[in-house]
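Hi everyone, thanks for coming.

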Amino acid sequence: MQIVWKGSVYDHSGYSRATREYLLALHSNGIDVKLDLINNGFQLELPIDQSILFRQLIEKPNAIGNQVYILHQPPDSWSRMPGITIGFTYWETSKIPDHWISKCNEMDAVFVSSEHNVQVMRQAGIRVPVFKIRPCLSPQILHSFSSQIPFYIHQLPSFRFLSIFTWIERKGYDLLLKAYFEEFSSNEDVVLIIKTGAHNNQKIEELVSAESRKYNDPGRYYIDLSIRNEFEMEGLYNHCSAFVLPSRGEGIGYPMLEAGKRGLPVIATAWGGQLDFLYEQNSYLVPYHFVPVMPQPHYHGYRNDQLWAEASVEHLKQGMRNIYVNYKDAANRGNKLKSFIDHTFTFDLAAKDLTYALNQLTGGRFHEGLNKINSYHENEFRVMEKIYQLCRCEYSEFINGLYKELLLRSPNPIELEHYRNLLFSGVSKLSIIGAILQSEECSRHFNQPLNALIRSNQTIIEVLRTLNDYDDTIFVKCLYRELLFREPDEEGMQGFLNLLIQGGSRMSVIASILTSPECTALLLM
């Protein structure tokens, strides 16, 4: 089956950025995709290989009668096509616009890119399936940026906070300016670079200048209003020290993802789609409180029955100061974020998400890409495949399935409600799996004698039980192969062996691996 991807690729919007990456991911995985270009009149300068590929995808012939259409644009523009039709969108507040509900329900499915958006869609009463398709970034960072560094960079202080956003209220520019001007002074070796743009760029400069005059000695800033190509943006990211964005809401937050890909420490609001890749150990998350959304001039879908997050200015100031004075810790967090993004938001895993969703919608008829997905130790893909499928389920189905796989029974109403509440409060599905794995009831099942069952019919706990007869070294090696699809590194192996020697349980080892960032990357939690 051929994917017909309707989207833009030549402008600076988040939709266009995402379309470029998804097309590259599908093409690199050998999946038949055609581009139905939305032409917005822009012609962004792209790397030559991308420009050639996108032109080829636009000119590719239609596979008549055997197509899946993905409409990668706001739902206002969705219209059913002759084949399976999927809407792919993003939203940034606590509630989607009312008129989107009927648009979504006209589709065969809805794709979104973050857990935040999955929950917002489902809470709105969308009846069609909702799938999370992770964003992805090219594995190749451009190497020719050195000759295209924006000219102003070397005239600025050496410590550079970078913020990239469209000049709209949702991005929290007012909070950013207040926090920065209050916290930093002009005699410090620091600058805030604001890469932005709007219909009236002169107004932006006037607003920032007026805000800075409210303070006795505000920190230095630079506003970059120029249209930058991919090479110049690469130079900008790579010549800044940290990234900051106190956004009130994000569908995913591509600039934060791109900054993290380059190892920049990121400080952001602790609410929104960016929490798919930002957590306490790899970034600086700013506490917030909810406020009603006011109508916005750039889009009619924002209403005051919606909420978004107002980041704490005091905590934002503290976070920026911490990055500035303790850059060793900040760089360490940036490296953790880079590692997580490198392992999680890849072309192969994004293609896997798309292939899984399309197979669900077509009864398995969309089979392209499955060879790569099933190439991970084909005979050892039992536990992770089951967990991956469980994690795609809605909350109640997830909890029921988890109990059957780990405790060999159904949850009682109190247990079901308890874990549903935890999930609604933001606890991850992998954390729930880890907690149940370490329960006494699960340990009893794990330590029971092996049954002579056909392995392919076994539950997760029964498959794990087959590893329990091995000595500690073989046990840990088998877990790595079963859960991470690789051999253990020396440090990981020794760490788990030391844990077991000191009296730690094997179930705690299993839970530790399953809730690790590497395993999270494979499961897209």
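This is a predicted model: local features need pLDDT of at least 70, side-chain atom pairs count only at pLDDT 80 or more; totals for chains, interfaces and linings use all residues.

Now to helix H8 itself. Of its 8 residues, 8 are buried, so H8 is largely enclosed by the rest of the structure. Reading along the helix, the buried residues are Tyr254, Pro255, Met256, Leu257, Glu258, Ala259, Gly260 and Lys261. And what do the buried residues of H8 pack against? Their partners are H1, S7, H7, S10, S11 and helix H10, which covers residues 327–344.

Helix H7, residues 230–238, was on that list of partners. H7 is mostly covered too, with 8 of its 9 residues buried. Those buried residues are Glu230, Phe231, Glu232, Met233, Glu234, Gly235, Leu236 and Tyr237. They pack against helix H1 (14–28), S7, S8 and helix H8 (254–261).

Strand S7 has come up for both helices, so let's turn to the sheet. Here 6 strands form an open sheet, in the order S9-S8-S7-S10-S11-S12, and the pairing is parallel. At the edges sit strand S9 (220–224) and strand S12 (284–286), each pairing on one side only. On average, neighbouring strands of this sheet are turned by 20° against each other, direction ignored. As a reminder for anyone new to this, strands of a sheet pair through backbone hydrogen bonds, either parallel or antiparallel.

Within this sheet, S7 is mostly covered, with 6 of its 6 residues buried. Phe159, Phe161 and Ser163 point one way from S7, while Arg160, Leu162 and Ile164 point the other way. S7 pairs with S8 in the parallel sense over 6 bridges, and phenylalanine 159 has valine 190 in S8 as its bridge partner. Over towards S12, 3 bridges join that strand to S11, residues 266–269, and the two run parallel. There, alanine 268 stands opposite leucine 285 in S12.

Leaving out residues up to four places away in sequence, Phe161 touches Phe184, Val190, Val191, Leu192, Ile193, Ala242, Val244, Met320 and Ile323. Which residues touch the most other members of the largest nonpolar core? Among its 100 residues, they are Trp5, Tyr22, Phe111, Phe161 and Phe277. A second, separate core has 47 residues, including Phe446, Leu479, Leu497 and Leu522.

Phe111 leads us to another set of strands. In strand S5, phenylalanine 111 stands opposite phenylalanine 88. S5 covers residues 109–112 and pairs with S4 in the parallel sense over 3 bridges. Strand S4, residues 84–88, is mostly covered, with 5 of its 5 residues buried. Ile84, Ile86 and Phe88 point one way from S4, and Thr85 and Gly87 the other way. S4 also pairs with S3, again in the parallel sense, over 5 bridges, and isoleucine 84 is the bridge partner of valine 68.

For contrast, is proline 61 buried or exposed? Proline 61 is exposed, because its relative accessible area is 62%, and the cut-off for exposed is over 50%. Its place is in the loop between helix H2 (48–59) and strand S3 (67–72). Not counting residues up to four places away in sequence, proline 61 touches Gln2 and Lys34.

Last stop: a pocket. The second largest pocket holds about 1000 Å³ of space. Its lining has 34 residues, and Glu115, Leu275, Asp276, Gly426 and Val427 lie nearest its centre. Which helix gives the most to that lining? The answer is H4, with 5 residues. Elements that each supply at least two lining residues are helix H4 (115–123), strand S13 (288–292), helix H15 (413–424), helix H16 (429–437) and helix H22 (517–523).

Definitions and conventions:
Residues are numbered from 1 along each chain as its sequence is written. Side-chain values use heavy atoms; hydrogens and water are left out. A nonpolar core is a set of buried Ala, Val, Leu, Ile, Met, Phe, Trp, Tyr and Cys residues joined through side-chain atoms within 4.5 Å. Buried means under 20% relative accessible area, exposed over 50%, partly exposed in between (1.4 Å probe, protein chains only). Contact means heavy atoms within 4.5 Å. Two strands pair if DSSP finds at least two bridges between them. Helices (H or I, at least four residues) and strands (E, at least two) are DSSP runs, numbered from the N terminus. Axes are lines fitted to C-alpha atoms, for helices over the stretch in contact, and angles run from 0 to 180 degrees between N-to-C directions. On a 1 Å grid over the protein atoms alone, a cavity is a set of points where a 1.4 Å probe fits but cannot get out, and a pocket is an open set with protein on both sides within 12 Å along at least five of seven lines; lining residues have an atom within 4 Å of a point. Grid points are joined across faces, edges and corners, and a volume is the space filled by probe spheres set on the points.
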